[in-house]
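Subject: Structure handover

Hi,

Here is the structure for you to look over. My notes on it follow below.

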Amino acid sequence: MNDSLFRATLTCSFERWSPVIGDPGFMGWLIVMLYAATSLFAFAMLVFAPFPGFTRRQERVFWFVLGLIMAALAINKQLDLQSFLTSFARCLSQLQGWYQDRRPVQASFIIGVMIVMLVALIILWLVLRDSLRRNWLPLLGLVFVLGFVAMRAAGFHDFDRLINFRIANMRMNWALEMVGPVIVILGGILSTRSLGRAVRQ
């Protein structure tokens, strides 16, 4: 990408996106607090959980990464930076003249993200293989969260219509976004109980 195209794409993107509160309602801020609480929970696990010596380092790294990701998502929830990335990609495709053929690019993006997530999952599985029995549930929650974020960033209109569907004033988007952090916290609580029983024995 040459410099003039990059500047034109940035200008177009900022015309369509601005750093305002993305979801200013009660549920939006509730999800922010849920991400923040999950981040604090992960850092508490990092500091206070009685991990056994032979897996302590790996598990602390895992919960540290989890804490950073959840903190970033708490900040991004209202800044909605993935919408900027979507606008940037849309502007670039329009300026380069392939917007009408964007579907294969979107599909390739999703496939690429899935491959990266699969590789990351395999790496985490290898890192946590000695404690996976304790940590599979928070790991699943992390995969769920990242998968949801990736689908939103891809900007598929069909997926956007699905997550904006309402049931009794509850948007599907809110429910799906809360599932991952809740799974992480639930998995951490179960892991803590497992560690507590191991210490008592």
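Buried positions in α2 come to Met 27, Gly 28, Ile 31, Val 32, Leu 34, Tyr 35, Thr 38, Ser 39, Phe 41, Ala 42, Met 45 and Leu 46. Buried means under 20% relative accessible area, exposed means over 50%, and partly exposed is in between, with a 1.4 Å probe and protein chains only. The helix covers residues 26–48, 23 residues in total. From first C-alpha to last, α2 reaches 32 Å, close to the 33 Å expected at 1.5 Å a residue. That expected span is 1.5 Å times one less than the number of residues.

Ground rules. This is a predicted model, where local features need pLDDT of at least 70 and side-chain atom pairs count only at pLDDT 80 or more, while totals for chains, interfaces and linings use all residues. Residues are numbered from 1 along each chain as its sequence is written, and side-chain values use heavy atoms, with hydrogens and water left out.

Overall layout. The protein chain has eight helices and two strands. Their order from the N terminus is α-α-α-α-α-α-α-β-β-α. Both element types are DSSP runs numbered from the N terminus: helices are H or I with at least four residues, strands are E with at least two.

Whole-chain numbers:
- Of the 201 residues in the protein chain, 40% count as buried.
- Among contacts in the protein chain with a separation of 6 or more, 79% join residues 24 or more positions apart. A contact means heavy atoms within 4.5 Å.
- Accessible surface of the protein chain is about 11700 Å², with 70% of it on carbon and sulfur atoms. The areas come from the Shrake-Rupley method with a 1.4 Å probe; for residues, only the protein chains shown count as cover.

Aromatics. There are six aromatic pairs in the structure. Rings of Phe, Tyr and Trp (its six-membered ring) pair if their centres lie within 6.5 Å; planes under 30 degrees apart are stacked, over 60 edge-to-face, the rest tilted. One of the pairs is Phe 62 with Trp 63, edge-to-face at 5.5 Å centre to centre and 65° between the planes. Phe 62 is buried at 3% relative accessible area, and Trp 63 is buried at 0%.

Phe 84 and Phe 88 make a tilted pair, 6.4 Å centre to centre and 45° between the planes. They sit four residues apart in helix α4 (residues 81–96), so about one helical turn separates them. Phe 84 counts as buried at 16% relative accessibility, as does Phe 88 at 18%. Ring pairs also bring in Phe 6 and Phe 14, linking them with Phe 84 and Phe 88 into a cluster.

Best wishes
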